[in-house]
Each structure stands twice: as C-alpha cells, then as structure tokens.
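Some questions and answers follow for a reader new to this structure.

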Amino acid sequence: LSPQFGSRSSGINAEYGDHRYTRFVMLLFVLCALFVPVVAKGSVGIVHMHGVLEGYYEHNNFKNHIERNLGIEVHLIDAYNYASSVVPIKTQVKNVGEMVREIASQYDHIIAVGYSQGGVIMRGCH
C-alpha cells in the first residue's frame, strides 16, 4: 500500500482508524468536491446505506468527514443493521426506498451512496 493511502502510519488512517473503506471515502469526497458545486444548483443531501452485517453508526467517520469538509448533510440509514441485514433484499429495497424518498423531499438533489450491499439496495430505491 502506498504511504498516502492505506498504511497504518498515514495521516488518513491515523485520523479515521484502520477502516477498510478509507479509499472509498476519499474517492467519494473528491467526487463530491469536484462535481456537486458544478452540477447541482439548490440544496444537496447525501443518503448513505451501510453494508451487510454492519450497522449505520460504523459509517459515522464518513458522515463526519463529508459534513465537516464539504458542508453537505449526510443521512445514515438506520435500518437492517447486523443480523437483520439478511432480510430478503426486496423487502429492504421497499422499506429503505420509503426512507430515502422521505429524506429526498427535504432537498433539491440527493446523492445516494451505498457500501457493499447498501449499494445494491440504493440502486433499487430509484
């Protein structure tokens, strides 16, 4: 791993812990920083769904980083945490979709982000 991304001695991991999604967070941060101001006019929010066998609060570092550095509010979906993440995917898509639509009603634009299984669920929530 390069010293900038992923080594235990890098400033990124020292600040955010040794999380497997550090690169994912950094990539999303760069994409949001570059494209949101150009593409979106009006209010923007981010909705984030965690992966299988995880809980929403495990992604608080992602939420805090985006909110602190970009000023975009991040909503972590508190549903299907840990063992309940094995509920049939159609059920998850239906229920999370309702949550996403409710959050989306507060903004002109939303960015839907999913980590692992959360990405599959978010794709189904259109």
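Q: Is Glu98 buried, partly exposed or exposed?
A: This is a predicted model, and in it Glu98 has a relative accessible area of 43%. The buried class ends under 20% and the exposed class begins over 50%. Glu98 is therefore partly exposed.

Q: Which residue does the side chain of Glu98 meet in a salt bridge?
A: A salt bridge needs a side-chain nitrogen of Lys or Arg within 4 Å of a carboxyl oxygen of Asp or Glu. For Glu98 the N to O distance is 3.5 Å.

Q: Is Lys94 buried or exposed?
A: The relative accessible area of Lys94 is 52%. The cut-off for this class is over 50%, so Lys94 is exposed.

Q: How many salt bridges does the count come to?
A: Another joins the side chains of Glu67 and Lys63, at 2.8 Å from N to O. Glu67 and Lys63 lie four residues apart in helix H3 (residues 60-70), and Glu67 is partly exposed at 26% relative accessible area. The count comes to two.

Q: What is the geometry of the pair formed by the rings of Tyr56 and Tyr57?
A: The structure holds two aromatic pairs. In the pair of Tyr56 and Tyr57, the ring centres are 5.2 Å apart and the planes are at 80°. Planes over 60 degrees apart put a pair in one class, so this pair is edge-to-face.

Q: Which residue forms a tilted aromatic pair with Tyr57?
A: Tyr57 is partly exposed, with a relative accessible area of 43%. The tilted pair has 6.1 Å from centre to centre and 50° between the planes. Tyr57 lies in the loop between strand S1 (44-49) and H3, and the partner in the loop between S2 and H4, so the pair ties together parts that are 25 residues apart in sequence. The partner is Tyr82.

Q: Which residues do ring pairs link into a cluster?
A: Tyr56 is partly exposed at 28% relative accessibility, and Tyr82 is partly exposed at 31%. Tyr57 pairs with Tyr56 and also with Tyr82. The cluster is made of Tyr56, Tyr57 and Tyr82.

Q: Is Gln117 buried or exposed?
A: Gln117 is found in helix H5 (residues 117-124). Leaving out residues up to four places away in sequence, Gln117 touches His50, Gly51, Val52, Ser85, Ile89 and Gln92. The relative accessibility is 19%, and the cut-off is under 20%. Gln117 counts as buried.

Q: What is the distance between the backbone oxygen of Ser85 and a polar atom of the side chain of Gln117?
A: Ser85 is among the residues that Gln117 touches. For the backbone oxygen of Ser85 and the side-chain polar atom of Gln117, the distance is 3.1 Å.

Q: Which residues form a nonpolar patch on the surface?
A: Val86 lies in the loop between strand S2 (73-76) and helix H4 (89-104). Val86 is exposed, with a relative accessible area of 61%. The patch that includes Val86 has about 270 Å² of accessible area together. Its members are Val52, Leu53 and Val86.

Definitions and conventions. Residues numbered from 1 in each chain as written. Predicted model: local features only at pLDDT ≥ 70, side-chain atom pairs only at ≥ 80, totals over all residues. Heavy atoms only, no water. Patch = residues over 30% accessible without salt bridge, like charges linked within 9 Å, V, L, I, M, F, W, Y side chains within 5 Å. Areas by Shrake-Rupley, 256 points an atom, 1.4 Å probe, with all protein chains shown as cover. Helix = DSSP H or I, 4+ residues; strand = E, 2+ residues; numbered from the N terminus. Buried < 20%, exposed > 50% of the residue type's maximum accessible area, 1.4 Å probe, protein only. Phe/Tyr/Trp six-rings, centres within 6.5 Å; stacked < 30°, edge-to-face > 60°. Contact = heavy atoms within 4.5 Å. Polar contact = N/O pair within 3.5 Å; in protein donor to acceptor, adjacent residues only side chain to side chain.
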